[in-house]
Protein chains: 2
Amino acid sequence: MVRMNPDLRRESIVAATLAVMQRQGIAATTVRDVAAELGTSSGLIHHYVTSMDELITEAFERAAGEDLERAAAAVGSGSEPIERLRRFFESYTRADDDSGMQLWLDTWAEAARRPALQQASRRLNEAWQRLLCTLIEDGCAGGVMGSDDPEGTAWRLLSLLDGLTLQCVAHGDTVTPEQVMLWSHRAAEMELGLPQGTLT
Amino acid sequence: MVRMNPDLRRESIVAATLAVMQRQGIAATTVRDVAAELGTSSGLIHHYVTSMDELITEAFERAAGEDLERAAAAVGSGSEPIERLRRFFESYTRADDDSGMQLWLDTWAEAARRPALQQASRRLNEAWQRLLCTLIEDGCAGGVMGSDDPEGTAWRLLSLLDGLTLQCVAHGDTVTPEQVMLWSHRAAEMELGLPQGTLT
DNA sequence: GGAGTTATTGGACAGGTGCGCAATAGTGAT
DNA sequence: ATCACTATTGCGCACCTGTCCAATAACTCC
């Protein structure tokens, strides 16, 4: 039996959990499924993790945290405000990642019944809002865009993106990712006093 | 044993199911819970209903259909376009009904795993879109408001409302129903070329 | 080699799920 | 009173869930 670093073992369990969650949804993710994904037994999972709830929350935090970090890097303060805004939208909508979108929706619903998950979800939500808010404030300071209430504008735009993503993930044939980008661009142009077509 | 009209009995089962769904969420609604709500046995449920899936879908359709009918009546073509729009927003956000909002979110997530529910959800979704679209077109025809793409505008506004409702139901202390109304009004004013403050 | 420690297994446990079914209670017509 | 019929019960079935635990395997250190 290979003696692994316990932290690494835990890490691989969390990764397997995430994979199962993306494939089957949070509610349908069971200890035995995770064990099968790793090719081990269910008892082992509980040797490294105290409860299923903890495992699910940790897997979500890992995935969502990485998404956020990637976005923060892509939106980095180096380039032009308009371009940064465009990149933010692309990162947030996860348009290239079906299973990610599904998991995102799942989290909203499950959060109501899993306090730990709700807390994690809220933290992530606020971090995204802060990222966009800073971005808008930078643009305003540079005179590229305008908003009399950057925080409110950020919430409105994020809510629009949430709603569009909702349509996309649940009724994908009615609203496509391309429309999500187009419509969010138009809304942002209106909100920020940009000439129509600036973002697209 | 009182011999009831079978349709009435079925009706009461659906009503009980809806009550349990609103209280516990769709995923946690079981045959035994519904039976307990009615004060009968679980076997009786299956005497009138073939499967749990069917029961859940029917309960959702009933509740959502009634919501839509109420909204259509409230938005009736009698009054002024601006007032009709305001009433539409109020109806759609279900701001006065916490359990209704929770069920709405639940439906989105569950739809991914219950085909029948997904179909029902989609039908309802399109009906709401049509209602708002007609409303916008009426306003445009009357010269009260303007939009170069009524259908797109309707989708955008509904998506914004969805996103705001999402925030409201999951993180209620961050986004209040009042803000949902205010922000959706502002967005609608921008979209429809109305002077700021017209709706509020 | 053996001792001590950890990793891992596989199954037991109590509880829950949807569904089906034989048995019973009640009803209305004859 | 008898009959056919329906309503209703309550339990059984097979399956699934998270969690726990004794037994075993593998490793490290002496």
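Predicted model: local features only at pLDDT ≥ 70, side-chain atom pairs only at ≥ 80, totals over all residues.
## How the two copies are related

Which surface does each copy use to meet its partner? Of the interface residues of chain A, 100% are also interface residues in chain B, so the copies meet through the same surface.

## Where chain A meets chain B

Let's look at the contact itself. Chain A brings 34 residues to it, and chain B brings 34 residues as well. About 3,400 Å² of area is buried between chain A and chain B, and carbon and sulfur atoms give 59% of that area.

There are also polar links to find. Across the interface of chain A and chain B, 12 residue pairs are in polar contact, with both residues at pLDDT 80 or more. On the side of chain A that touches chain B, the elements giving two or more residues are helix 6 (98-111), helix 7 (115-141), helix 8 (150-170) and helix 9 (177-191) of chain A. Helix 8 of chain A gives the most, with 11 residues. Sorted by type, the residues on this side of chain A are 12 nonpolar, 12 polar and 10 charged.

The count of salt bridges between chain A and chain B is two. In a salt bridge between A:Asp106 and B:Arg113, the side chains meet at 2.8 Å, N to O.

## Salt bridges within chain A

Over all chains, the whole structure has 28 salt bridges. One of them joins the side chains of A:Glu11 and A:Arg62, at 2.8 Å from N to O. This pair links distant parts of the chain: A:Glu11 is in helix 1 (residues 6-24) of chain A, A:Arg62 is in helix 4 (residues 52-74) of chain A, and they are 51 residues apart. A:Glu11 counts as partly exposed, at 38% relative accessibility, and A:Arg62 also counts as partly exposed, at 26%.

Now try another pair in chain A. The side chains of A:Arg94 and A:Asp67 meet in a salt bridge at 3.6 Å, N to O. A:Arg94 lies in the loop between helix 5 (81-93) and helix 6 of chain A, while A:Asp67 lies in helix 4 of chain A, so the pair ties together parts that are 27 residues apart in sequence. Is A:Arg94 buried or exposed? Its relative accessibility is 13%, so A:Arg94 counts as buried, whereas A:Asp67, at 23%, counts as partly exposed. Chain A also has a network of salt bridges linking A:Arg10, A:Glu54 and A:Glu58.

In chain B, the side chains of B:Asp53 and B:Arg114 form a salt bridge (3.0 Å, N to O). B:Asp53 lies in helix 4 (residues 52-74) of chain B, and B:Arg114 lies in the loop between helix 6 (98-111) and helix 7 (115-141) of chain B, so the pair ties together parts 61 residues apart in sequence. B:Asp53 counts as partly exposed at 28% relative accessibility, but B:Arg114 is buried, with a relative accessible area of 14%.

The next stop is B:Ser184, in helix 9 (residues 177-191) of chain B. With 2% relative accessibility, B:Ser184 counts as buried. Its side chain reaches the backbone oxygen of B:Val180 at 2.7 Å. Leaving aside neighbours within four places in sequence, B:Ser184 is in contact with B:Phe89, B:Leu160, B:Leu161 and B:Leu164.

Definitions and conventions
Residues numbered from 1 in each chain as written. Chains lettered and ligands numbered in written order. Heavy atoms only, no water. Contact = heavy atoms within 4.5 Å. Buried area = accessible area lost by both parts, 1.4 Å probe. Salt bridge = Lys/Arg side-chain N within 4 Å of Asp/Glu carboxyl O. Polar contact = N/O pair within 3.5 Å; in protein donor to acceptor, adjacent residues only side chain to side chain. Helix = DSSP H or I, 4+ residues; strand = E, 2+ residues; numbered from the N terminus. Nonpolar A, V, L, I, M, F, W, Y, C, P; charged D, E, K, R; others polar. Buried < 20%, exposed > 50% of the residue type's maximum accessible area, 1.4 Å probe, protein only.
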